[in-house]
Amino acid sequence: SSSSIPGMGLPRFGFVLLGSMLHSSLCSAFVASPLRFAPKSFPLLAKAHRRGLTGAMGARANMKFSKLGDSDLVVSRCCLGTMTWGQQNTEEEGVEQLNVAFDEYGVNFLDTAEMYPVPTKAETQGATDRTVARWLKGRQRDQVILASKVTGWSDNVTWLPRRGGEGARVTRQQIRDSVECSLERLGTDYIDLIQIHWPDRYVPLFGMMKFNQTMVRDYTPFEEQLEEFKLLQEEGKIRYVGVSNETPFGVMKFCEAADRLALPKIVSIQNCYSLLNRVDYETGLQEVCLPENTNVGLLPYSPLAGGVLSGKYSQADVSEEESSKWRLNLFTGYMARYKQSLAADAVDLYSKLAKKYDMTPSEFAIAFCNSRPFVTSTIIGATSVPQLRENIGAFEKTWTEEMENDVDEVFKKYK
């Protein structure tokens with residue numbers, strides 16, 4: 001069932017606020033030089049992105065850009081998430097969001113996945129990619145940085161194309177099947193950043209609070225996964241590789257294997273990170289991913305914790321029709337768990353801080369993520385254009401020391 005699929009960008013609601021479900025869409029000091037593994041197939045693209053997009057894109061807005069890990073990709077600080085397109089949003093609405101983000105705000109980076117939209121199911125799988133494909137037809141391809149994801153280990157996702165009804169695995173064959181089918185749906189020759197949506201091996205995800213040794217299983221070796229990505233890179237089908245919903249152990253193993261065997265080094269990690277979900281990254285992955293260590297750029301997803309930090313779940317005057325579309329109401333039991341948790345109290349305090357600094361709760365939460373020195377680009381999502389504008393507008397907000405101190409006071413109480 002879809003509810004058993006990790007990764008809807010929702011926080012765990014236990015005694016503390018830590019953790020997340022996978023966003024099914026979730027190193028040692030060996031650092032490759034920025035262009036060491038840059039595919040030779042894309043010299044013109046490399047030059048275009050190294051220019052910092054100071055041409056048409058950069059001129060349209062005040063959007064800022066950052067270099068992504070060891071890659072030569074220069075990405076906007078805002079990355080447009082897409083997982084509602086085909087479920088909560090129509091194809092036309094998805095195209096409209098892309099036009100607004102890219103044409104009005106200077107965004108150049110979008111993130112999709114083969115299993116989208118969510119909740120994932122056979123009837124809608126691939127609808128998000130088809131929305132992106134429709135939009136891409138009218139675009140200059142080298143002005144768009146396109147990220148997608150290979151589905152991680154799951155016995156429940158049995159409907160992905162070319163898998164023969166088998167569950168999802170991160171095997172060499174399924175990596176290839178995933179990439180080639182994604183390219184066909186997206187109507188493009190290459191993907192700029194291909195990510196492993198969640199690991200092939202067992203890791204505590206989807207609300208699990210701790211590692212359970214009895215659940216450890218066999219998995220495709222790190223080396224084999226990277227070897228297949230290398231072949232796809234050499235064929236010009238992908239440019240760079242990243243991970244998602246990964247652990248410090250996983251990041252270090254991937255980086256060590258890449259250095260030892262001259263395989264593509266991962267350049268990014270897409271993990272859940274927000275005001276409600278900080279500890280997992282800040283106490284382990286932050287050190288591992290530092291530029292002087294592995295130089296793996298963080299692409300935080302769910303900066304609003306599944307919409308929780310927008311404050312909308314505290315509203316009393318909302319119609320039943322509108323609230324039925326809220327993400328917590330899409331998954332059985334999540335709204336009730338949220339209402340009974342400490343998360344609700346923390347959200348109320350963060351909302352008051354937002355008001356103090358003349359921001360909306362959403363702007364405050366996204367501005368927090370954008371202000372972190374270890375964040376390369378924050379992935380946002382929206383179900384309407386006004387919501388999209390509010391979220392992108394957060395990237396123009398200035399984060400102050402006073403804000404940081406106020407947030408720390410809340411964090412100390414509810415971490």
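Axes here are lines fitted to C-alpha atoms, for helices over the stretch in contact, and angles between N-to-C directions run from 0 to 180 degrees. The structure shown is a predicted model.

**Close-up 1. Crossing of helices α12 and α15.** In this predicted model, the axes of helix α12, which spans residues 342–356, and helix α15, which spans residues 401–414, come within 10 Å and cross at roughly 170°. Angles over 145 degrees count as roughly antiparallel, and α12 and α15 are therefore roughly antiparallel to each other. The crossing in which α12 passes α15 is right-handed.

**Close-up 2. Residues in the contact of α12 with α15.** On the α12 side the contact is made by Leu342, Asp345, Ala346, Leu349, Tyr350, Leu353 and Lys356, and on the α15 side by Glu402, Asp406, Val407, Val410, Phe411 and Tyr414. Divided by class, the residues of this contact between α12 and α15 are nine nonpolar and four charged, with no polar residue.

**Close-up 3. Crossing of helices α3 and α4.** Helix α3, covering residues 91–105, and helix α4, covering residues 127–136, have axes that come within 9 Å and cross at roughly 55°; α3 and α4 are therefore oblique to each other. The passage of α3 across α4 is a right-handed crossing.

**Close-up 4. Residues in the contact of α3 with α4.** From α3, the residues Glu91, Glu92, Gly94, Val95, Leu98, Asn99 and Phe102 meet Arg130, Thr131, Val132, Arg134 and Trp135 of α4. By class, the contact of α3 with α4 comprises five nonpolar, three polar and four charged residues.

Notes. Residues numbered from 1 in each chain as written. Predicted model: local features only at pLDDT ≥ 70, side-chain atom pairs only at ≥ 80, totals over all residues. Heavy atoms only, no water. Helix = DSSP H or I, 4+ residues; strand = E, 2+ residues; numbered from the N terminus. Parallel < 35°, antiparallel > 145°, perpendicular 65-115°, else oblique. Left-handed = near helix turned anticlockwise from the far one by under 90°. Contact = heavy atoms within 4.5 Å. Nonpolar A, V, L, I, M, F, W, Y, C, P; charged D, E, K, R; others polar.
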